[in-house]
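Me: I would like to learn how to read a few features of a protein model. Please take them one at a time.

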Amino acid sequence: MEHVPTPRSPVRPNDRSVGSIAPEALYRLDEVKPRMGWRDADYRAAVRAGQKTHRSGKRLYVLGADLIAFVTRAKGGDR
């Protein structure tokens with residue numbers, strides 16, 4: 001029997017779970033990493049490079065505006 005892939009639902013541009021970052025939003029670390037395609041090591045490298053984080057209890061948060069600022073000022077970002 002031949003494997004038939006199951007159809008995936010179309011990705012909507014305003015779907016916040018597929019990589020979009022809103023400047024006014026506050027994201028938990030476990031939300032940021034998949035949206036940015038970061039593994040744990042990638043996130044730690046970003047923090048070492050200046051990515052701001054906010055802690056509340058045991059949870060780490062990232063403000064969308066801080067993440068956008070970090071990515072847009074990264075070396076080699078504009079070519």
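**Reading the model**

Reply: The protein exposes about 6500 Å², of which carbon and sulfur atoms supply 53%. Keep in mind that this is a predicted model.

Me: What pattern does the protein follow along the sequence?

Reply: The order is β-α-α-β-β-α, made up of three helices and three strands. Among the contacts with a separation of 6 or more, 43% join residues 24 or more positions apart.

Me: How many of the residues count as buried?

Reply: Of the 79 residues, 22% are in that class.

Me: Which residues of helix H3 are buried?

Reply: Start with the general idea. An α-helix has 3.6 residues a turn, so residues three or four places apart point the same way. In H3, which spans residues 64-73, the buried residues are Gly64, Asp66, Leu67 and Phe70. These residues lie on the same side of H3 because they cover an arc of only 160° around the axis.

Me: What do the buried residues of H3 pack against?

Reply: Their partners are strands S1 (26-28), S2 (54-56) and S3 (59-63), together with helices H1 (29-36) and H2 (40-48).

Me: How is a pair of aromatic rings described?

Reply: Two values are used, the distance of the centres and the angle of the planes. The count here comes to one aromatic pair. Trp38 and Tyr43 form this pair, with 6.1 Å centre to centre and 50° between the planes, and it is tilted.

Me: Why is Trp38 classed as buried?

Reply: Buried means under 20% relative accessible area, and Trp38 has 17%. Tyr43 is also buried, at 7%.

Key:
Residues are numbered from 1 along each chain as its sequence is written. This is a predicted model: local features need pLDDT of at least 70, side-chain atom pairs count only at pLDDT 80 or more; totals for chains, interfaces and linings use all residues. Side-chain values use heavy atoms; hydrogens and water are left out. Buried means under 20% relative accessible area, exposed over 50%, partly exposed in between (1.4 Å probe, protein chains only). Helices (H or I, at least four residues) and strands (E, at least two) are DSSP runs, numbered from the N terminus. The arc is that of the directions from the helix axis to the C-beta atoms. Contact means heavy atoms within 4.5 Å. Rings of Phe, Tyr and Trp (its six-membered ring) pair if their centres lie within 6.5 Å; planes under 30 degrees apart count as stacked, over 60 as edge-to-face and the rest as tilted. Accessible areas come from the Shrake-Rupley method with a 1.4 Å probe; for residues, only the protein chains shown count as cover.
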